[in-house]
Amino acid sequence: MRHILAAGNRRRLAEIATSRVALVFDFDGTLAPIVDDPARAELRPRTRALLSRAATRFPCAVISGRRREDVARRLSGIDLAFVIGNHGADWGRPSGGGLGPELDERALEKRVQSWRARLERGLGELAGVMVEDKRYALAIHYRRSREKRRAAEVIAALVSRLPGARVRLGKQVVNLIPEGAPHKGIALEEVRRRLACDTALYAGDDTTDEDVFALDTPGQLLTIRVGPSRASLATYYIEDQMEIDELLRTLLAARPVAAREILA
């Protein structure tokens, strides 16, 4: 894994910036800092301004674990090509529905609600633990727990007994996604196809982003993780979430023309 903003690697950014590229980002921990209360997550003003400028020069998209309407509200006013929620499962009706094989949305919701009922019974009065309902997925947050080890053990035991759940561990959060539902890797490939882009750049910070980092598409995808990790399949990294601004500035400097001129 190499630092994408190191002098020798910025040339790779310059190369991809002049191609038919889609810029795709995770939200929490990538575009927005991680906060104790997920409801308070937001872009820094400087990041918002840079992303707004980037969206005039590149086709840009966000793929988030949040509900689509939630993350779309936090990105309001930025001219993004796509805002996709629930780890790639929810594109919203205006964007043309979901991905892959026809999904039984009611069946997915019913499965997720059954998980929620079992989790809430099992978690009981465990202080500082919150189950976030994302309609097609759940997130169990324990960042605010004073007994994180015990909370993680209780959550792990409960999750292991949930039928049809795909588990992705995050930063003091456990994500539960229905097996068979689209993931971020599938969504990224669909974004690139719908935008008719030859290449894509993807930046993310969490284990759910590994579904993108694991894609085997030589020459078509540049992957960037927020924070170095030997366990990650990303090719490059930025040091921390604050460096997303420098990444955006570098891409803007490398492409001083509008996206429509490149994609014509």
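**View 1. Strands β5 and β6 run antiparallel and are joined by 4 bridges.** β5 spans residues 130-133, and β6 covers residues 138-141. M130 stands opposite H141 of β6. Two strands pair if DSSP finds at least two bridges between them. Strands (E, at least two residues) and helices (H or I, at least four) are DSSP runs, numbered from the N terminus. The model is predicted: local features need pLDDT of at least 70, side-chain atom pairs count only at pLDDT 80 or more, and totals for chains, interfaces and linings use all residues. Residues are numbered from 1 along each chain as its sequence is written, and side-chain values use heavy atoms, with hydrogens and water left out.

**View 2. An open sheet of 4 strands has the order β5-β6-β8-β7.** Its pairing is antiparallel. Strands of a sheet pair through backbone hydrogen bonds, either parallel or antiparallel. β5 and β7 (165-169) are the edge strands, each pairing on one side only. On average, neighbouring strands are turned by 20 degrees against each other, direction ignored.

View 3. Contact means heavy atoms within 4.5 Å. Axes are lines fitted to C-alpha atoms, for helices over the stretch in contact, and angles run from 0 to 180 degrees between N-to-C directions.

**View 4. Helices α2 and α8 cross at roughly 30 degrees.** The axes of α2 (residues 45-57) and α8 (residues 244-254) come within 10 Å. The crossing angle makes α2 roughly parallel to α8 (angles under 35 degrees count as roughly parallel). The crossing is left-handed: the near helix is turned anticlockwise from the far one by less than a right angle. α2 contributes R46, T47, L50, L51, R53, A54 and R57 to the contact, and α8 contributes I244, D245, L248, R249 and L252. These residues divide into 6 nonpolar, 1 polar and 5 charged. Ala, Val, Leu, Ile, Met, Phe, Trp, Tyr, Cys and Pro count as nonpolar, Asp, Glu, Lys and Arg as charged, and the others, Gly among them, as polar.

**View 5. L75 sits in the loop between α3 (68-74) and β4 (82-84).** L75 counts as buried, at 2% relative accessibility (buried means under 20% relative accessible area, with a 1.4 Å probe and protein chains only). Leaving out residues up to four places away in sequence, L75 touches F27, L43, R48, L51, V62, L80 and V83. L43 is 32 residues from L75 along the chain, and their C-alpha atoms are separated by 8.1 Å.

Note on methods
Angles under 35 degrees count as roughly parallel, over 145 as roughly antiparallel, 65 to 115 as roughly perpendicular and the rest as oblique. Buried means under 20% relative accessible area, exposed over 50%, partly exposed in between (1.4 Å probe, protein chains only).
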